[in-house]
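Good morning, and thank you for making time for this item on the agenda.

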Amino acid sequence: MTTTVRQIEQGRAASGPTAPPTPAQTPDTAPIRLPRHLLSAGDLNRATAEHVLSTAERIEQAIAGREVRKLPTLRGRTVVNLFFEDSTRTRISFELAAKRLSADVITFSAKGSSVSKGESLKDTAWTLQAMGADAVVCRHSSSGAPQQLSAWVDGHVINAGDGTHEHPTQALLDAYTLRRHLGPLVGRRIVVVGDVLHSRVARSNVLLLSTLGAQLTLVAPPTLLPVGVQAWPVEVSYDLDAALVGADAVMMLRVQRERMSGAFFPTAREYSRSYGLDGRRRALIAPHGIVLHPGPMNRGMEITPQVADGAGSVIVEQVANGVTVRMAVLYLLLSGEIEMAGGTA
Amino acid sequence: MRANSAAAVLIRGAAPYGEQPLDLLLAGGLIVATGAAASVDERAAAAEIIDADGLVVLPGLVDLHTHLREPGREDAETVESGSAAAALGGYTAVFAMPNTDPTADTAGVVEQVYRLGRDVGLVDVFPIGAVTVGRKGERLAELAAMANSAAHVRVFSDDGDCVSDALLMRRALEYVKAFDGVIAQHAQEPRLTQGAQMHEGEVSARLGLAGWPAVAEEAIIARDCLLTDHVGSRLHVCHLSTAGSVEVVAAAKKRGTAVTAEVTPHHLLLTDERATGYDPVFKVNPPLRTAADTAALRKALADGVIDIVATDHAPHASQDKETEWDNASPGMLGLQTALSVVIDTMLRPGLLDWRGVARVMSETPSRIGGLTEHGRPIAAGEPANLVLIDPAASWTVSGAALASLSANTPYEGMELPGRVVATYLRGRRTAGAGAGVAG
């Protein structure tokens, strides 16, 4: 295992001119450690966030051009994908990330709330604990469930999306994608559009991208912004056209059609007219600007197919980057133990 | 020390309301003599002597808002365990909320709860009747039948749910005038709080939990005060929790509305920041609010805009709390910690003196509930319903050590000031050393 660590460390040394520059390098005396669990993008300060992103770059380089795209780093480790909510793409992304690091992967789909099954979250946690999971990737429809879980298991908990709270690895993959196209994010203007109120993607991106120095503007109908948004390190606008002018990137959020039953907006058509990204609006952003969407898209609702599939759309790339970034997170969370194991060997 | 109401007790040197210490002789369920007359009374010779030097004595506390969970959820609390918790908290009377299974919406159920309380005998249990059948908010329960039952119900509430239908609320307010009843309203506009999980503000925005806006409480209180004026009835506001509600009640009182209001200890002390770790022990309805709200509530309690402190003691079995935040039941224990929290938030900062504590925790709740034997002066001839408090002591809260069957205290591990040394119900010790209850 130590060999693998060195391979990746060497990758750092070899990260030549092709790699995007890493901004604020931290003093090499203090090793950068992730928190024990990744529950919120707010758990990452600038140094740790950049460490995750640069580790993802090195992993990408280490794998690039290989016939077998698999590293032996997490051999013998068990990663449990604990999905209380359907999410094919996130589950597959984490599964692939763990497998490419040679971990044993168990997927535990507990659809619906644990309560409806009569088993408490705590019972589930103890089951995982008894199975000896080294990392638990938790997706849940209830905000805070991964944090509660982290109090009950010894393994590392990774929040893979909890209710309307956060989705930190989504923010990391978005930041990774943005950096590849825009370079360092300091001072970059990023517009996030849509259902901020219910969006875990928005919450994590607000925290992470502002930590990385980007300037964020949230655009949404007033009904889809949380009371209390004033305390966030962002600007808020109801005028999409004005916000888009000269922006470096625009991130469209999924708008669930069921929000209409909550009377958040009158009709999908009216939403689309005011807050949808079409070709005309796409042309307002900077020439080098890019378009992101965490998926799954409502084509024709928040984004037109032409824009989603057009130039400057990085939506497919986001999916690929998701695997890389999740490999980096798993590697870094578990690597402390790997180093220790290597030391005693 | 198997005290019973027949045995005389001489309490030496306790300070009524924290004022001049004096002796109190209890016999036959009454305070029979005070001061110098106590020790020369012939009954003092055989009395058990309690050295109460340094202790404060108040009239036994009265809780207008308790959930005893029986019948229906005897795994969470029973009349017996809740009575023990009440006695240990310094209470001699509690009003039991009707959201049991079955609902306390008939004379039969309220009489059952009343009888259970009397059989346990640690505290007087006064059932609150449901306003509507099954607390469903559709049609009035048989309020007069409950009022005329052995339980003698005077307080009616659908607590847990709001009587949100304006016409039904009007009718309830009107109807209870016939027997001087009062409607205790759980003020929560249901449409504004669909799926609500915590106070709507900066913390809910950060945590991604659905917001419970202050206006959903304030709008109902404002409406109900106007209805109360219109029909000339009496309204009690349960667990008032926001600064805006204080303003609404203050304005109503100023124009003469017959409204009273309660605040819970947890709304005096804790804020919505507690939700940050997603520990459902801090989930409660109405939710914990902001620091600005707690400050306004303390001031309103000191000024008399808020009349009383009521615990909203809400035991929940661990399986209903050790779950996801949005699946967890709202509510927290309060009976054994209420007095200490009031000492901490009101007495120590000088917002209330001991007279004030007696007023908000005993005298006024007794009056609102229509009781005649509780919240009385500490004087010869009065019922011997008393609590002895060590104001200098402090204790560390442990849910497992509380008398409730549940352990959902939000004060776990906190050191709180003031300690109940003994509680007397009609001269019989119900809590404290020798009471037969863990002290």
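**Notes on a predicted two-chain model**

I begin with A:Met131, which lies in helix 4 (residues 121-131) of chain A. Helices here are DSSP runs of H or I with at least four residues, strands are runs of E with at least two, and both are numbered from the N terminus. A:Met131 counts as partly exposed because it has 13 C-beta neighbours inside 10 Å. The cut-offs are these: a residue is buried if 20 or more other C-beta atoms lie within 10 Å of its own, exposed if 12 or fewer, and partly exposed in between, with C-beta atoms placed from the backbone. From A:Met131 to A:Phe265 the separation is 134 residues in sequence and 46 Å in space, C-alpha to C-alpha.

Some conventions before I go on. This is a predicted model, in which local features need pLDDT of at least 70 and side-chain atom pairs count only at pLDDT 80 or more, while totals for chains, interfaces and linings use all residues. Residues are numbered from 1 along each chain as its sequence is written, and chains are lettered from A and ligands numbered from 1 in the order in which they are written.

Let me turn to confidence in chain A. The pLDDT, which is the predictor's confidence in each residue from 0 to 100, averages 87 over chain A, and 85% of the residues score at least 70. Over residues 1-6 of chain A the value is below 50, and this stretch has 13 contacts in the model beyond near neighbours in sequence. Residues 9-27 of chain A also stay under 50, with 24 contacts beyond four places in sequence. A contact means that the C-beta atoms of two residues, placed from the backbone, lie within 7 Å. Where pLDDT is low, the predicted coordinates should not be read in detail.

Next, the overall make-up of chain A. There are 12 helices and nine strands, and buried residues make up 48% of the 345 residues. Of the contacts between residues at least 6 apart in sequence, 75% join residues at least 24 apart.

Two strands are said to pair if DSSP finds at least two bridges between them. Strand 3 (residues 135-140) of chain A pairs with strand 4 in the parallel sense over five bridges. Within that region, A:Val137 has A:Ile158, in strand 4, as its bridge partner.

Chain A is also divided into domains, with bounds that come from an automatic or database domain assignment. The assignment gives domain 1 (2-166 + 320-338) and domain 2 (168-318). Their contact takes 30 residues from domain 1 and 24 residues from domain 2. On the domain 1 side, helix 12 of chain A gives the most, with six residues. By class, that side has 15 nonpolar, 10 polar and five charged residues. Here Ala, Val, Leu, Ile, Met, Phe, Trp, Tyr, Cys and Pro count as nonpolar, Asp, Glu, Lys and Arg as charged, and the others, Gly among them, as polar.

What of the contact between the chains? In total, 18 residues of chain B are in contact with 23 residues of chain A. Helix 6 (residues 202-207) of chain B gives the most to the chain B side, with four residues. That side has five nonpolar, eight polar and five charged residues.

I close with backbone geometry. Most residues other than glycine have a negative phi, and most peptide bonds are trans. A cis peptide bond joins A:Gly295 and A:Pro296, with omega about -10°; A:Pro296 sits in the loop between strand 9 (290-292) and helix 11 (305-308) of chain A. Another cis peptide bond joins B:Asn285 and B:Pro286, with omega about -5°.

Is B:Tyr278 buried or exposed? B:Tyr278 counts as buried because it has 26 C-beta neighbours inside 10 Å. Although not a glycine, B:Tyr278 has a positive phi of about 60°. B:His152, not a glycine either, has a positive phi of about 55°, and with 16 C-beta neighbours inside 10 Å it counts as partly exposed.
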